[in-house]
Amino acid sequence: GNQDNYISFAESNSHIHRQSQDLVEGRYTYYFRCLDLGGNTDTTNTTFTVKIDTLAPQVVRVLFDSDKLKILTDEDAECVYSTNSVTGCNYNMNDANARAMIHETQNKKTEHFAPWALDQTYYIKCKDKNDKQPSPTQCSIVVKPVDIV
């Protein structure tokens, strides 16, 4: 944020320069100054915004799709479900009774599938790549299929 306060990069032994940053959410302007072995100098700056992921994926749609339960999430996610009505949403995603919902296409990780069963209630939990997920006693969604004739 101060163009007269330069700090050397932690890794700067070639044409590639690296510096780790632990930043909180906000808008930043960084100023750069490079000096080569011949004494030539160049300066520039960049401005960027850091956004912190604090929310678990949200289920935005539930469908019956070719004899399968299909849910859509608002971001890439991994989802599991339990049909145990005694525990309901009170389980961890890595529990033995949590069954993975599949992705029929690996590049569509917003689409999640499970077998369709009219006699089951699905207690579904989803987590994103940053491991954001519902608390152990909450679900992303609870789904009870019905037959509409």
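The legends below describe several views of one predicted model.

**View 1. Overall fold of the predicted chain.** The chain holds zero helices and nine strands, where helices (H or I, at least four residues) and strands (E, at least two) are DSSP runs numbered from the N terminus. With a radius of gyration of 24 Å, well over the 15 Å that the globule rule gives for 149 residues, the chain is more spread out than a compact globule; the radius is taken over C-alpha atoms, and the rule is 2.2 Å times the number of residues to the power 0.38. The C-alpha trace spans about 80 × 30 × 25 Å along its principal axes.

View 2. The side chains include 15 positive and 20 negative ones, and the centres of the two sets lie 2 Å apart; Lys and Arg count as positive and Asp and Glu as negative, while His and the chain ends are not counted, and each charge is placed at NZ of Lys, CZ of Arg, CG of Asp or CD of Glu.

**View 3. Nonpolar cores.** The largest nonpolar core has 13 residues, and those with the most contacts inside it include Leu69, Ile71, Tyr122 and Ile124; such a core is a set of buried Ala, Val, Leu, Ile, Met, Phe, Trp, Tyr and Cys residues joined through side-chain atoms within 4.5 Å. Strands β4 (68–73), β5 (78–82) and β8 (122–127) each give two or more residues to this core, and β8 provides the largest share, three residues. Another core, of seven residues, lies apart from it and has Val80, Cys89, Ala98 and Tyr123 among its members.

**View 4. Two loop residues.** Alanine 96, in the loop between β5 and β6 (99–100), is exposed with a relative accessible area of 85%, and its C-alpha atom lies 23 Å from that of threonine 110, 14 residues away in sequence. Asparagine 130, in the loop between β8 and β9 (141–143), is partly exposed at 44%, and its C-alpha atom is separated by 19 Å from that of isoleucine 141, 11 residues apart along the chain.

**Notes.** Residues are numbered from 1 along each chain as its sequence is written, and side-chain values use heavy atoms, with hydrogens and water left out. Local features need pLDDT of at least 70 and side-chain atom pairs count only at pLDDT 80 or more, whereas totals for chains, interfaces and linings use all residues.

Notes
Buried < 20%, exposed > 50% of the residue type's maximum accessible area, 1.4 Å probe, protein only.
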